[in-house]
Amino acid sequence: MAKYFGTYGIRGKLDMLTPEFALRMSSAFGEHINGGKVLVGRDARLSGEMLEHAVIAGLLSSGCSVLNLGIVPLSTLEFEIRKLSAAGGVMITASHNPPEWNGLKFADKDSIGISREDGAEIEKVFESGRFKKADWNQLKKVENYPLALEEHADALRKTIERRHTLKESPKVVLDCGNGVASLIAPKLFKEFGCKVTTLNSQLDGSFPGRNSEPTPQNLQELMKAVVALKADMGVAWDGDADRVIFIDEKGGYIYGDKSFALCVDIALRQRKGPVVTTVATSNAVADVAKERGGSIEYVKVGGPYLSRRTKELNAVIAGEEAGGVIWPEVHLGKDGFITALKILERMCKDGRPLSSLIAGMPAYYNSKARLECPPDRKQTVLKKFKEKVRGDGKINDMDGVRIDFDDSWVILRASGTENLMRIFAEARSQKKADEILRKYKRIVEKL
Ligand code: MG
């Protein structure tokens with residue numbers, strides 16, 4: 001079991017994620033992938049530059065060569081891994097965490113993130129301290145690669161047709177949250193004919209504008225701006241811009257599973273095939289997939305699982321409930337820019353407001369609760385819960401325990417980072433979702 005690796009890489013504050021730690025872990029990663037060309041990128045966090053030097057030193061010591069992309073979105077790095085046929089990549093970012101955090105996201109040659117399981121292998125080398133060091137005359141070089149942003153933007157330009165957006169010229173408000181989205185999004189939306197207003201579009205690693213997680217609470221200013229400016233939509237990215245959240249023209253916050261359902265609809269109109277999502281995603285996604293002639297495949301919660309299964313199945317699209325969507329025709333990581341452009345294009349093509357497009361998606365209601373649980377009891381609770389609910393519905397224990405009923409479901413999952421169990425129910429009405437939650441929460445409490 002990995003000690004440091006979470007669902008996608010490692011996150012911590014500087015007491016844990018020291019330069020020494022970053023150097024040793026990067027060296028262990030370099031050994032794990034057996035050397036080769038590794039891309040390094042980072043977001044604008046204040047500790048980013050310090051960690052960048054440590055990561056590069058670690059990679060070089062294990063015999064890798066390094067292409068340094070500088071400050072870029074995570075999706076830019078993932079796109080370039082494949083484009084430049086690199087052996088892997090390291091992104092220095094803590095995604096949506098507060099500014100005092102940072103993190104290391106490691107990805108393989110297919111731009112698939114290193115999962116918790118693979119991370120455990122890297123940690124073995126890290127813990128042993130026995131690194132394979134490159135000989136003095138075998139050490140490779142570091143080169144800067146300043147073309148990454150423009151090359152990624154070029155690929156993004158090809159993901160939608162320009163004529164619909166140019167004709168409609170919608171008014172959009174973009175909230176980049178002082179993150180790396182500001183390096184690409186405002187320029188791109190202007191090129192596609194949008195009337196753009198930006199919020200928090202200056203790169204600033206202390207995130208002075210808003211917290212980096214695009215929750216309803218953190219996007220209040222954006223919601224107000226969309227209404228005040230009579231804009232057609234608001235768009236907000238998280239810190240490393242892999243996830244994106246939309247605000248409709250009425251200032252309404254659109255949850256990630258709703259926008260993902262719309263993306264599935266868009267993708268399946270182009271090509272039929274499998275859709276990959278996590279066991280914690282709304283049935284709205286499965287409904288749209290079936291309706292549009294696709295099939296649904298479930299994986300554990302976490303970007304790397306989505307990416308890997310997408311590759312294995314040659315899936316049409318993949319995504320999760322928090323606003324992260326993979327468009328495999330471009331690369332295998334979540335890309336918040338493609339997602340935003342695809343929804344923009346659909347809105348303009350159909351000539352319909354965003355709220356009406358979302359209203360066309362299947363409606364589900366949910367109810368959730370958190371239960372305190374010490375880390376050493378989590379697995380026992382899940383095991384006992386599974387025995388207790390046997391026969392209640394179709395059970396999926398890939399990640400936690402999910403029980404599917406006719407048109408509703410409930411899932412019990414252990415939090416990866418906190419002393420908590422999370423329980424989530426979804427149904428066709430709020431009353432039903434609340435009822436299901438109450439029933440299964442009581443079962444967990446009695447275990
Ligand atoms: Mg992120």
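The expected span of a helix is 1.5 Å times one less than its number of residues, and helices (H or I, at least four residues) and strands (E, at least two) are taken as DSSP runs, numbered from the N terminus. The structure described here is a predicted model, in which local features need pLDDT of at least 70 and side-chain atom pairs count only at pLDDT 80 or more, while totals for chains, interfaces and linings use all residues. Residues are numbered from 1 along each chain as its sequence is written, and side-chain values use heavy atoms, with hydrogens and water left out.

Helix H1, which covers residues 19-32, can be set against that expected span: its 14 residues reach 20 Å from the first C-alpha to the last, close to the 20 Å expected at 1.5 Å a residue. Among its buried residues are Phe21, Ala22, Met25 and Phe29, where buried means under 20% relative accessible area, exposed means over 50%, and partly exposed lies in between (1.4 Å probe, protein chains only). Just after H1, Asn34 takes a positive phi of about 65 degrees.

We turn next to a strand. Strand E12, residues 274-278, is mostly covered, since five of its five residues are buried. In a regular strand the side chains alternate between the two faces of the sheet. In E12 both faces are covered, with Pro274, Val276 and Thr278 buried on one side and Val275 and Thr277 buried on the other.

With strand E13 (residues 295-299) E12 pairs in the parallel sense over five bridges, and the bridge partner of Thr278 in E13 is Val299. Between these two strands the chain passes through helix H10 (residues 283-291), and this β-α-β crossover is right-handed, a term used if, with the strands pointing away from the viewer, the path from the first strand over the helix to the second runs clockwise. With strand E14 (residues 317-319) E12 pairs, again in the parallel sense, over three bridges, and there Val276 has Ala318 as its bridge partner.

Which protein donors does the magnesium ion have? They are Ser95 (OG), Asp238 (OD), Asp240 (OD) and Asp242 (OD), lying 2.1 to 2.2 Å from the ion; donors are N, O and S atoms within 2.8 Å of the metal (3.2 Å for Na, K and Ca), and because water is not among the atoms, sites may look incomplete. Ser95 lies in the loop between strands E4 (88-92) and E5 (101-107), and Asp242 in the loop between strands E9 (233-237) and E10 (244-247), so the pair ties together parts that are 147 residues apart in sequence. Ser95 counts as buried at 3% relative accessibility, and Asp242 also counts as buried at 3%. Contact means heavy atoms within 4.5 Å, and the residues that Asp242 touches, not counting those up to four places away in sequence, include Ser95, Leu74 and Lys105.

Another buried residue is Val226, which lies in helix H8 (residues 220-228) and has 0% relative accessibility. Val226 and Val173 are 53 residues apart in sequence but 6.3 Å apart in space, C-alpha to C-alpha.

How many disulfides are there? The count comes to zero, where a disulfide is a pair of cysteine sulfur atoms within 2.5 Å. The sulfur of Cys348 is 6.3 Å from the closest cysteine sulfur, in Cys194, which is too far for a bond.

How values were computed. Two strands pair if DSSP finds at least two bridges between them.
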